[in-house]
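Subject: Structure handover, helix packing and pockets

Dear colleague,

Please find the structure below, with its sequence.

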Amino acid sequence: MDYWSIIQKYYPEGSGLYNIYVSHGQSVANKAVELAKKHPELDLDIPFLYEAGMLHDIGIFMTDAPEIECFGDKPYICHGYLGSDLLRKEGFPRHALVCERHTGTGLKLENIIKDHLPVPQRDMCPQTLEEQLICFSDKFYSKTKLNKEKTVEKIREKMKRTGKNSVKQFDAWCKLFL
């Protein structure tokens with residue numbers, strides 16, 4: 001897979017958004033690979049992890065998030081399924097699932113319905129270990145403070161605002177991957 005050609009197809013090289021996107025993707029991809037190498041017993045697909053880390057946010061350009069140079073018309077929470085749709089069209093269904101399932105600690109169907117989230121009504125929680133590791137690695141980096149890794153404590157504090165299930169899932173990933 002040539003993930004660079006996909007990135008360059010949707011993100012103009014040299015633009016502010018390209019720089020944000022690539023920097024964040026590299027941070028997440030590198031974190032995922034680093035953690036995977038610490039756990040050979042998990043038998044993770046390292047090349048796939050790097051590609052998926054680079055592509056997990058491919059849908060952000062279609063969202064309205066001007067603070068990160070995104071001027072689309074959809075709410076930011078939609079970037080996962082939008083990126084998933086895009087990667088399916090590109091012929092990469094496995095990478096598409098990472099896009100769809102990495103938001104928060106995953107979006108449960110019951111929460112999508114209860115909270116009236118503007119996303120398709122289906123379960124969007126990471127299933128495979130690779131999906132979980134990308135989702136976990138993504139929590140350590142923002143797109144506004146590039147290359148600055150968050151601490152586990154900071155991530156937990158932020159997750160407390162989204163509910164105890166998010167913290168519980170994050171803590172489980174800490175035990176599995178750290």
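Predicted model: local features only at pLDDT ≥ 70, side-chain atom pairs only at ≥ 80, totals over all residues.

Residues are numbered from 1 along each chain as its sequence is written, and side-chain values use heavy atoms, with hydrogens and water left out.

Helix packing

Helices here are DSSP runs (H or I, at least four residues), numbered from the N terminus. Axes are lines fitted to C-alpha atoms over the stretch in contact, and angles between N-to-C directions run from 0 to 180 degrees. Angles under 35 degrees count as roughly parallel, over 145 as roughly antiparallel, 65 to 115 as roughly perpendicular and the rest as oblique. Contact means heavy atoms within 4.5 Å.

Helix α2 (residues 16-38) packs against helix α3 (residues 46-55) at an angle of about 155°, with the axes 7 Å apart. The two are therefore roughly antiparallel. The crossing is right-handed, a term for a near helix turned clockwise from the far one by less than a right angle. On the α2 side the contact includes Tyr21, Val22, Gly25 and Val28, and on the α3 side it includes Ile46, Leu49, Tyr50 and Met54. Its residues divide into 12 nonpolar, four polar and one charged. In this scheme Ala, Val, Leu, Ile, Met, Phe, Trp, Tyr, Cys and Pro are nonpolar, Asp, Glu, Lys and Arg are charged, and the others, Gly among them, are polar.

α2 also meets helix α7 (residues 129-138), where the axes come within 9 Å and cross at roughly 125°. This pair is therefore oblique, and the crossing is again right-handed. His24, Val28, Lys31, Ala32, Leu35 and Ala36 of α2 contact Leu133, Ile134, Phe136, Ser137 and Asp138 of α7. By class that gives seven nonpolar, two polar and two charged residues.

Among the residues in contact are Tyr81, Leu87 and Arg88 of α4, and Pro93, Leu97 and Glu100 of α5. The contact has six nonpolar, four polar and two charged residues.

Pockets

Pockets were found on a 1 Å grid over the protein atoms alone, as open sets of points where a 1.4 Å probe fits, with protein on both sides within 12 Å along at least five of seven lines; lining residues have an atom within 4 Å of a point. Grid points are joined across faces, edges and corners, and a volume is the space filled by probe spheres set on the points.

The largest pocket has a volume of about 1100 Å³. Its lining has 40 residues, with Thr103, Gly104, Thr105, Lys139 and Thr162 nearest the centre. α6 (109-114), α8 (152-160) and α9 (164-177) each supply at least two lining residues, and α9 gives the largest share, six. The lining divides into 12 nonpolar, 15 polar and 13 charged residues.

The second largest pocket holds about 310 Å³. Residues lining this pocket include Ser142, Lys145, Glu149, Glu153 and Arg161. By class, its lining has no nonpolar, three polar and nine charged residues.

Regards
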